[in-house]
Amino acid sequence: MNRRKFLKASAGTLAASLVVGRVGSALAQGGLEGEDIANLEKGLQAALGKGFKDLVPSKDVKLTAPTIAESGANVPVEIEVGLPADQVKAIYCFCDKNANPLLFSFQLLGGGVLPYYATRVRVAETAPVRAVVETKDGKLLLASQGVRVTVGGCG
Amino acid sequence: MNILIRFNPAKPKAGEEVRVQIVVQHPMEPGTRRDASGKLIPADHINELAVLFDGQPIATVKPGPGTSANPLFAFKMKAAKAGQIKVVAKDLTGKSGERTADLALA
Amino acid sequence: MRIVTLLALGGFLASAAAGPAVDFDRWYPYPQAQQYAQAHQRILMVYFWSHGCPYCEQMNTFVLSDDRISRTLARRYVVASVDMHSPEGQALSRQMRAFGTPTFVFLVPQEGTWKEIGRLFGSRPRAQFLRELEQVCAKAGGEACE
């Protein structure tokens, strides 16, 4: 870890020049920066056998992740579900741009475990992170948070 | 595979929520990382972590390659009674590790 | 900037070209990569990285291992992997005036020397890096850049 000086000024310029063309269309669809539903879909189908259209955005799912990450290698995420523990089967987490979009799953098996989970994940590049909560009655609740991975260098 | 377990609060009251934090020393190789000679380092990450309380499974975590190195796994439970938490971790290469910790009530 | 090549290596290079197939999906120390680039008429991409730099880690984990980028590099490039803080890396980075990591310097052999045709500093997302590799390749006057 010798002389880690992050050259963020250049990083900002690079990021800005990159997103100019894409932000407009993403916002027009109400999407998040770096959204990649086609890639996410692969992960959803593999893990749940369901697609993005089967997910229901819900205020009962609280996903906490940084909006800007200095490194994609270690991004903290915390998921809290505002439902009784006995209604929640599992918590899944995905990232749109990862080659393998499924970051992890957490299954509740009883014994007083609450619908809460926190970990650290890898984010390939600027993209939304998705928390998907599977309820006992078969609903899939969704919360999304855009995470921008800083580009830059060390001098 | 070194596993650490910590409770917060360290001694909860009966019925109180306790956060159980597990940290495992593991490189969690995603299988997509190139080394200094450009060779892909084979995937080697924990793919299953089982949590038991007094021998009963209470939670299972299935981390993918998208979980960071030296992973942290944290969940919460209602501390209904004192007992023993056991964590069993397995990785893609077949290595495993386990650790127990006693949950005491205040 | 010019990097003078030893043309005396010509005989060796000719035999290298006819020798066993080189695995262009991996990276080589600078002198070896330089020989391969010369012998196989490829673009030399000198990759300066350093330990503990999260932006290099990001490139190694997500960008340089991406399928499309790997294929593009393996088709037209030779990658020289240079640890910026090794003794050789320090000398080479001074010579090429590479002051940070990750830095990518693109060179093509020309009239007995190496001509720089591009350089990039800093991590970048996959789509951008792929586009830049294709631009460098087009500049080198090659076909099959995409």
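Student: How many residues does the contact take from chain B and from chain A?

Tutor: This is a predicted model. The contact takes 26 residues from chain B and 26 residues from chain A.

Student: Which elements give two or more residues to the side of chain B that touches chain A?

Tutor: They are strand 4 (56-63) and strand 5 (72-78) of chain B. Strand 4 of chain B brings the largest share, eight residues. By type, that side of chain B divides into 15 nonpolar, seven polar and four charged residues.

Student: In what sense do strand 7 of chain A and strand 5 of chain B pair?

Tutor: Antiparallel, over four bridges; strand 7 of chain A covers residues 113-121. Val113(A) stands opposite Met77(B) in strand 5 of chain B.

Student: Now helix 5 of chain C. Why do its buried residues line one face of the helix?

Tutor: Start with the general idea. An α-helix has 3.6 residues a turn, so residues three or four places apart point the same way. Here, helix 5 of chain C spans residues 87-96, and its buried residues are Leu92(C), Ser93(C) and Met96(C). Seen down the helix axis, they fall within an arc of 100°, so they line one face.

Student: Which exposed residues does the face turned away from the buried side carry?

Tutor: Pro87(C), Ala91(C), Arg94(C) and Gln95(C).

Student: What covers the buried residues of helix 5 of chain C?

Tutor: The cover includes helix 2 (30-40), strand 3 (43-49), strand 4 (77-83) and strand 5 (103-110) of chain C.

Student: Which residue follows helix 5 of chain C?

Tutor: Arg97(C), with a positive phi near 55°.

Note on methods
Residues are numbered from 1 along each chain as its sequence is written. Chains are lettered from A and ligands numbered from 1 in the order in which they are written. This is a predicted model: local features need pLDDT of at least 70, side-chain atom pairs count only at pLDDT 80 or more; totals for chains, interfaces and linings use all residues. A residue is buried if 20 or more other C-beta atoms lie within 10 Å of its own, exposed if 12 or fewer, and partly exposed in between; C-beta atoms are placed from the backbone. The arc is that of the directions from the helix axis to the C-beta atoms. Two residues are in contact if their C-beta atoms, placed from the backbone, lie within 7 Å. Ala, Val, Leu, Ile, Met, Phe, Trp, Tyr, Cys and Pro count as nonpolar, Asp, Glu, Lys and Arg as charged, and the others, Gly among them, as polar. Two strands pair if DSSP finds at least two bridges between them.
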